[in-house]
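Work through the exercises below with the structure open beside you. Try each task before you read its solution.

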Amino acid sequence: PGLSPDIFNLLYYLCNTPANFSEILPFSAGLKINDIDDPRKVEVLAVIDYLEGNKAEAYDLLKYTIEDEAVFSSFGGNYITGIILQDTNPELAVKYFREAIQLYPDDVDAHQRLLKCYETIGDSTAAEVETNVLQILM
């Protein structure tokens, strides 16, 4: 039967709200979204996989969007993609963390991860800007 629209909308809301991000798991226990023709469903599944510790499965769901260097519509999709890429491709991770921050500018963790990426790639000017932003947010 698939996932009811009400449950999916709740999961997508949680996926797209940093303050409630970790709350997605209790509502998703045992759920699998059967048809993933909707990119939002891919994002929700990837977030669930990542939060459950299945980083490889999350990447498999996100890889086609990553290969196209497109961005996601939710905070969660962009944030998780940034996390997945930050160690292997920090330059591309910057793009996804910046998109997540554009959706939720006050998310401290996304800013901290973006700062780490800037430091890794040696962009001291951008790192300094992020350090200043973090000082304001904290």
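Axes are lines fitted to C-alpha atoms, for helices over the stretch in contact, and angles run from 0 to 180 degrees between N-to-C directions. This is a predicted model, where local features need pLDDT of at least 70 and side-chain atom pairs count only at pLDDT 80 or more, while totals for chains, interfaces and linings use all residues. Residues are numbered from 1 along each chain as its sequence is written, and side-chain values use heavy atoms, with hydrogens and water left out.

**Exercise 1. Pairing H3 with H4**

Task: Find the angle and the axis distance at which H3 and H4 pack.

Solution: 
- Step 1. Locate the helices: H3 covers residues 39–51 and H4 covers residues 55–67. Helices (H or I, at least four residues) and strands (E, at least two) are DSSP runs, numbered from the N terminus.
- Step 2. Read the geometry. The angle is about 165°, and the axes are 7 Å apart.
- Step 3. Classify the pair. H3 is roughly antiparallel to H4. Angles under 35 degrees count as roughly parallel, over 145 as roughly antiparallel, 65 to 115 as roughly perpendicular and the rest as oblique.
- Step 4. H3 and H4 cross in a left-handed way. A crossing is left-handed if the near helix is turned anticlockwise from the far one by less than a right angle, and right-handed if clockwise.
- Step 5. List the contact residues. H3 supplies Val42, Leu45, Ala46, Asp49 and Tyr50, and H4 supplies Lys55, Glu57, Ala58, Leu61 and Leu62. Contact means heavy atoms within 4.5 Å.

**Exercise 2. Two pairings of H7**

Task: Describe how H7 packs with H6 and how H7 meets H8.

Solution: 
- Step 1. Take H6 and H7. Their angle is about 155°, with the axes 9 Å apart. H6 and H7 are therefore roughly antiparallel to each other.
- Step 2. Pick out contact residues. Among them are Pro90, Val94 and Phe97 of H6, and Ala110, Leu114 and Cys117 of H7.
- Step 3. Turn to H8, residues 124–137. The axes of H7 and H8 come within 9 Å and cross at roughly 160°. These two helices are therefore roughly antiparallel.
- Step 4. Finish the description. H7 and H8 make a left-handed crossing. Residues that meet here include Val108, Leu115 and Glu119 in H7, and Ala126, Thr131 and Leu137 in H8.

**Exercise 3. Salt bridges**

Task: How many salt bridges are there, counting a side-chain nitrogen of Lys or Arg within 4 Å of a carboxyl oxygen of Asp or Glu?

Solution: 
- Step 1. Count them. The total is 2 salt bridges.
- Step 2. Take lysine 116 and aspartate 87. Their closest N and O atoms are 3.9 Å apart. Lysine 116 lies in H7 and aspartate 87 in the loop between H5 and H6, so the pair ties together parts that are 29 residues apart in sequence.
- Step 3. Lysine 116 is partly exposed at 43% relative accessible area, whereas aspartate 87 is exposed at 56%. Buried means under 20% relative accessible area, exposed over 50%, partly exposed in between (1.4 Å probe, protein chains only).
- Step 4. Take arginine 113 and aspartate 109. Their N to O distance is 2.9 Å. The two residues are 4 apart in H7, separated by about one helical turn.
- Step 5. Arginine 113 is partly exposed at 23%, and aspartate 109 is partly exposed at 28%.

**Exercise 4. H5 and lysine 95**

Task: Is H5 largely enclosed or largely open? Then describe the surroundings of lysine 95.

Solution: 
- Step 1. Count the buried residues of H5. They are 11 of 11, so H5 is largely enclosed by the rest of the structure.
- Step 2. Name some. Phe75, Tyr79 and Leu85 are among the buried residues of H5.
- Step 3. Move to lysine 95, found in H6. Lysine 95 is partly exposed, at 30% relative accessibility.
- Step 4. List its contacts. Leaving aside neighbours within four places in sequence, lysine 95 touches Glu69, Ala70 and Val71.
- Step 5. Compare positions. Lysine 95 and asparagine 78 are 17 residues apart along the chain, and their C-alpha atoms are separated by 8.6 Å.

**Exercise 5. The whole chain**

Task: What elements does the chain have, and what share of its residues is buried?

Solution: 
- Step 1. Count the elements: 8 helices and 0 strands.
- Step 2. Take the share. Buried residues make up 42% of the 138 residues.
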